[in-house]
Amino acid sequence: MISSIWPFRRARASLPEAVARSVERWRGLAEYERGRPPAKGRWVVVAVESGGLEAVSDTLIAVGALAVVDGQIDLADSFEVILRQEAPSTVANIEIHGIGGTEQTQGEDPREALAAFLAFVGKDPLVAFHAPFDSTMLRRAVDRHLGIAFKRPWLDLADIAPLVWPRYASRLSGLDDWLETFSIPVAFRHRAIADCLATAQLLLMVLPAAAGIGASTAGQLVSLSGADRWLS
Amino acid sequence: MNERQPPPLLVAATADILRKHAPFDAMAEADLAHLAGGLKLRYFARDTVILSPENGIIDSLFIIQRGAVQADEPTQVSLHTMAATLTDGECFPIGALVAARATTLRYTALKDTFCYVLDEVRFKEVMSSSPEFHAFCTRRLAALLAASTRGTREAYSSRAADELTMASPLRNALRHAPVTLPESASVRQVLELMKSRRIGSIVLTGGDGAPSGIFTQTDVLNRVALAAQPLDRPVSEVMTRDPATLAAGSALSEAAQLMARKGFRHVLVIEGDRLMGVISERDLFGLQRLSMQGLRKDIGRAETVDALAFAAREVRELGTAMLAQGVAAEQLTQFISALNDAVTERAIELARREHDVAGIGFCWMGLGSEGRNEQTLATDQDNAIIFPDAEGDDRDATRKKLLAFADQVNRALDACGFPLCKGDIMARNPAWCLSLAEWFHRFDDWIRNSDPEALLNASIFFDFRALHGDASLVDRLREFLLAHVKDRPVFLRQMAANALQTRPPLGLFGDIVGGEAIDAFQFVQMLRLRAQDSLDRGSGRRSRTGSTRIR
């Protein structure tokens, strides 16, 4: 697809000055070091909330992100934003993530919100449980609002956890199953930042075990995700 | 990124998890949020060493989110290894963190464990803003209680660095070089050396010169005297073999815990393979006074009734711990009274902030057991107010102000675990919030009319003591009482008879020293002695040893 090669499908001139600068800065950042040990350096756990469960058609409502640096979660190294919606999502949808209609229509300018998100994640590898959903939602939103391609390496814990704990693999599928098995507390499931905190705890358990599943570098661990998400 | 505040949801979620455990459950919302906002979260797979002496000076506090951590001695010095298991909500290593030293214990994850990590800077901020957290972290003697009830919890002090605390290393507490003899020495030689050196224990050495046993005063009783052992037998037959040892760098609290856990009274202190000395349970008891001082400062630092109530709870815990260790009841009641006084004083100070009573020059008095410094762990309030008779002033207006103020103090004390007096003998009762002249009148009345009620009142009210405010008012009341009571032999006789019917509380004539309280004691003692004297005279007997007779 031509759009995935050419990053400037939309006129970037339409972006506010500060946003354009921020995006440019992000594009100039160096890629993370694939050869570093998995337990070193920064991973960014990401979770999104959307207007529905269709990644290709629903809108992005909120993004949460939480960094894991050197095998440690720093609660303050975190990011949370609600994107301004023209119209609130359905009641049924609101009941899932708890972000009310007013909160949605009073959210932040999507361009500023996403530029801030890029600045937060930098070029560090991203982590999610069932990453294709989050990566697709973000790719579409970044493409639409910032006019650039958001193609990042994703570590999908839905793929990795069964490799680390094969004995659970057959009976655990969803994130909730894994959280319950490891008694990981989750304050407000389906609220992006709370999901991040729970997922990040799963990541903390995965990192020291990475070598045991044949990944001695961060790059190798990312590659172990079902498909290399780099180009997804 | 560390300057950023985490999203409120993360802070709230983390605070919710912490709040399931002490001391976080008692902390103010804002303090807990400040603490939670500074946390990092780490994971330790089973068998991972989390901290050990090799980590050097400790710069963060670990709080177990979930899991289990074993704390034990990393070295082989100790013959009796001590191990304790910490679980959800427990903090470590508080002692090393506040003392800015390396930990002496090794902490290992017993199962997959998540720990929150609080850096030193935020730790200190929370320590200074939250009296509850401060009290928790500096509660020293509570370590002993904790050791006997729920495993090792380090709870040390951050106070003056040169002050010997439960967190200090054992080497700082050794009072003299070790006294040793070869284990082939006779019991007689050992006893003679103990006598000449005035020491309670001797370390015995084996053929290689290394400590092989210990012999203490208790052993003299149990294994020599009662067992009728001849004194010329070698001491090796009656000594305790393989005495407990700790490295000289271990904290005093570790020695205390070891003693509490194993029931020893002595622990050998070793540096490398050299014997440095012996630390005894008695050495540690001396530190309880320091623990008291720490708690006293905590009381004075309480900014709210809630914080004060927390400190008062600590007083009771301390008392329970001391009682459990066999501290003499006299000493205990004295300690507890002193701390309870501090609580009362602080409750009054807090109430004064909200009531305009500064210009009145009143005095808050403790009565009865409170007046005699005989308070024990559970005691209800007995107090009263005395205020000056000012010329042309509206006495009732003054009383009204004081009553509102007193009501607040009485309720605060109630919240601190001193229940409201059932007989309503409290300062908030208009009958016991009186001017000096009114008190004179009241006392005079009781002395003249020695009916049962007057006697009862006299027995409560004549044991009075200034707790807060203008003590000269109380002195004048005492002078009045002394001057009037000596001409009333009938009253004194009845008082004495009354006193003899009830068993005197502990410690009344104990070896009590110090402070303003002496006056009250001496007074009551004198009063009773006089009463006894007049009773004896009345029955034609004389008492030469008044105090013991009364007992």
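Predicted model: local features only at pLDDT ≥ 70, side-chain atom pairs only at ≥ 80, totals over all residues.
Residues are numbered from 1 along each chain as its sequence is written, with chains lettered from A in the order in which they are written.

**Exercise 1.** Work out which elements of chain B give two or more residues to the side that touches chain A.

Start with the contacts (C-beta atoms, placed from the backbone, within 7 Å): 22 residues of chain B meet 21 residues of chain A. Next, sort by element, taking helices as DSSP runs of H or I with at least four residues and strands as E runs of at least two. That leaves α1 (8-18) and β1 (39-44) of chain B, and α1(B) gives the most, with six residues.

**Exercise 2.** Find how β3 of chain A and β1(B) pair.

Strands pair if DSSP finds at least two bridges between them. Here β3 (residues 72-82) of chain A and β1(B) run antiparallel over three bridges. For one spot to look at, find A:Gln72, opposite B:Arg42 in β1(B).

**Exercise 3.** Check the span of helix α10 (residues 192-206) of chain A.

The expected span is 1.5 Å times one less than the number of residues.

Key:
Contact = placed C-beta atoms within 7 Å.
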